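Morning, everyone. Please have a look at the next slide, and then I'll take you through it.

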Amino acid sequence: MRQVLALVLAAVWSAVSSQIAWTPIFLDAGSQIDLWTQSSSGCACPGDGTEDCACCVRDGACPCGDLAPGRCAQCGLEQYCSNMCNITIDSRVLKSKSGKTFGQIKSPSIEGPGACSYFLQPDAGQRVEIQLYRLVSVGRFNGSSCVGGWLQLSGATAVRNVDGVGTRLCGENERYSPPVVLFADHGASTLDFRITEKTVRSQFLAFFSFTSLSNTQGVGFHPRGGSRIPHTDCDWLYQDISCRGAGTCVLASPGYPGLYPPHRRCRYLFATNSVHTRVKIIFTSILLPDDHCITDYLTLRAGSSPSAPLLATICLEKSATLEYPGPNLLLEFNSGPLVPPYNYNGFIAKLEFLERMETSEPPPTVVVASPPLAALTHLTHHVDRTAPLENTVITNEIVSHNKANGRVGCGVSVRGYGAGGVRSGHFDTRSTPWRTQCTIHLLGSPTDVVQVSLFNYNLRLQSCRSHIEILEGYYEFIGRGEKGNRSERGDRALLRVCGPYVREARDPAGRFLIRQAVTSKGANITILVRRASSQSVDEEEFVDGAFAFHDEQHEGTISPDATCATTHYGFSSQRHGGVSAPSHHHIFWNIEERLLCTHLFMPAVNQSVTIEIQRLDRMWSAEPPGTAPAGSMGCKTACGDAGCECRAATALLYHDHIALVASDGTHLSCLCGDFQAAWLPVVVRSWTSLRLEYSVAHYTYASRGFDYAAAYSFNDDAMCGQRTYTTHSGEISSRNVSVTGTLNEFFYQQCTWVLDSNVERQLFIDISSEQDKSCGSWNITLHEWSGIGTHSPEGLAAAAGELLYTFCARHKNHTYTLPWRLNTVVIRLVALSRQQPLYVIRWRSQVVRANTRLGPPTPAPAAAASASPLLLSRIYFTVLLLQSLVRLRRDC
């Protein structure tokens, strides 16, 4: 009897590798020649009755007949005994004739070049499965792809595809135990066997199976609990609301437990709706090619973007368990080229979302307002700039009526001031025993305002019997006498939500909803929740969110309409202070996008403001795939005489950066990338409003952007102001101001003066400077009066009309003679330089006739002539009228 083919039961194969599963294909007996032939002779031949014919397996086999009297085949395929090439294998036909939905493919021995195709048609609810266990002279692997020949399983529409797309297997003489498994889940598929070079014998041996998609044994895996992200190849979204029970969410690599496709990148986004939820990923099986960690690996990131901070990398592990908090985690699976001997099949993992409101976890830390400018400057001169400022961090403590468990829930009063005061945190009514009336008090210092953001809530009762109220001030439920206080509460209500109403932090696509937030006017806020008298077994009524106290005296006046914006006024704010990154703000938990925080500094008329960036962490880029040109290196900072500049090939919003921006939108200094600490501090002094922009390209609550520290100071120095001079002669000169002497210190000035005369004159203006600077550093320009008054939003700067002359420092000295009767002139200084501009402006007037003008400043003569035809017409008719009156009087 010939040697038995290499076909082993599933139990034996599973002992070889417990991580590869396939459909068990059972045998009739252990001594048969092949899958359908029990012995090559001994059975009666049809017609003559001799015993020279093959004996067939009793279950599902039919004799091949005269074509191959010594062999049997599966009933329904017996006509292909001698040439199993270019055939159709239909699941329903095989089932009706042989009672089986599995079988064997034994290709003919091809003298290459040549090709055979096998069209496999599954029934409804079935997938196509191929188990390859032998290749003979079917091409070879050149390190990245198959050349000379291959075996490929693909969809029916791709049968003519010969450009290498898809999963191709090759080998000179390979025996696979366990077999290499391939799957196709989308209808009919084609197994393409192709030899493109000259060979003596090329052949493959495989089993096929039409496996039920609902099969619970071996293969038939499908992701559970997630939803495929539209317009992607293999990206999935898993939310905690869809994974309530154990085992409800499962994910795996494409084609698992078979070979996964080459050159693929699949992303699995895990999104939580609660701040208390943690994500646990249990990898029950990981099988990736040996020594190919550069191309085949798994990464887990803290956020929804591929550029989010890296938490873990998996390559050679056989199993692993990872657990991290949300709100978003991104698992990315990367595959390289197919690598012989094809003894890998990707990964499979279970997903669990864990609700944990534990008291053992350390409370969050809060960065207090920075000390004054002098203290920060002294600190940065004597310590390592990269070291954290440990003395600016305090530990929080929740002060509440149930201080034993330390959780912010019903009946809790949170104090935002004093030793151990909590500056920000989360609240959740589910963290304390059930109460029909739930009250949470947030109590700040006299200079505080309170921000509250609601994430999730569920109100069941109709007609507002269940409701949430956020009130200005301190309030309590007062029982039956509550009606007398409702009008006052209504006047104090910042937000009222009536039941029935359900809000979740995300929409069905996993995107965060627009935040629902309020900001108090005073220092205290009360959150009142009225619920049903008893807790529902099916659905609990609750509200959860976050709060933050904001000290407007030290941290600026907050803008209630913006996510993160404050204003510092020179007259009302502290003269010296500091600002830093808002990484401690719990109200930012549901932000997963670009975060832009601004601090607007508005000096008074006789003030300037100095901003000093003293400490800065490394900043990252989050450019979308395909937007950055090849070879670009994110964002870099270049500092010169005209400030620091962010240089990037893509829009600046894709890069973390700190920018100091003038009132007209000009970037005075911008820092990005791996900014050198030795270049700090960067100082900008401005005599107009200045905005500090903190921009995180992709903010997540888990990573929270980069850190920085900046100091500010309002200075009493009337450098230029905005003034109108009515004298016929005079002088304007620069004034010396104190400097820090640092390398990157820049002065920004925008000064506007108006020279106005009530008589017609010839004006001469002389400008001189001892500096040798380019016009880009600073310049002085002369303009006509535009006719716009000082009451416009731009002030006197709006009065600058048509440009007449430009003076640059390198000109040293120049005298400008202005046109006759140009009685009103606007002079503007614009400077951004490492050195304070030095200049002297003198003017004198030649008065020809004393024609006193009582009206406002006079526009340019040309402008007046072109803009007043109606006035000229009136003058003309007035002269005619006077002439008529003179003639009438003469006649009388």
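This is a predicted model: local features need pLDDT of at least 70, side-chain atom pairs count only at pLDDT 80 or more; totals for chains, interfaces and linings use all residues.

Start with helix α2, residues 91–98. Which of its residues are buried? Ser91, Leu94 and Ser98. Why do they sit on the same side of α2? Because they cover an arc of only 70 degrees around the axis. Now turn to the face pointing away from that buried side. There you find Ser96 and Lys97, both exposed.

What do the buried residues of α2 pack against? Hold on to β7 and β15. They come back in a moment.

Now the ends of the helix. At the N-terminal end, Asp90 is the cap of α2. One of its side-chain oxygens lies 2.9 Å from the backbone nitrogen of Arg92. After the helix comes Gly99. Its phi is positive, near 75 degrees.

On to the rings. How many aromatic pairs does a search of the whole structure find? The count is 26. I'll show two of them.

The pair to begin with is Tyr118 with Phe204. Their centres are 5.7 Å apart and their planes are at 85 degrees, so this pair is edge-to-face. Here are those two strands again. Tyr118 is in β7 and Phe204 is in β15.

Phe512 is in the loop between β34 (501–503) and β35 (516–519). Trp589 is in the loop between β40 (576–580) and β41 (593–602). They are 77 residues apart, and again the pair links distant parts of the chain. Phe512 is buried, and Trp589 is buried too.

Rings can also join up in a group. Ring pairs connect Tyr260, Tyr268, Phe283, Phe333, Tyr344 and Phe347 into a cluster.

Last, two arginines over rings. Arg415 lies over the face of Tyr417, 5.5 Å from the ring centre. Arg618 lies over the face of Trp620, at 4.4 Å from the ring centre.

That's my tour. Thank you.

Conventions: Residues are numbered from 1 along each chain as its sequence is written. Side-chain values use heavy atoms; hydrogens and water are left out. Buried means under 20% relative accessible area, exposed over 50%, partly exposed in between (1.4 Å probe, protein chains only). Helices (H or I, at least four residues) and strands (E, at least two) are DSSP runs, numbered from the N terminus. The arc is that of the directions from the helix axis to the C-beta atoms. A polar contact is a pair of N or O atoms within 3.5 Å; within protein, one must be able to donate a hydrogen and the other to accept it, and residues adjacent in sequence count only if both atoms are side-chain atoms. Rings of Phe, Tyr and Trp (its six-membered ring) pair if their centres lie within 6.5 Å; planes under 30 degrees apart count as stacked, over 60 as edge-to-face and the rest as tilted. A charge sits over a ring if NZ of Lys or CZ of Arg is within 6 Å of the ring centre and within 35 degrees of the ring normal.
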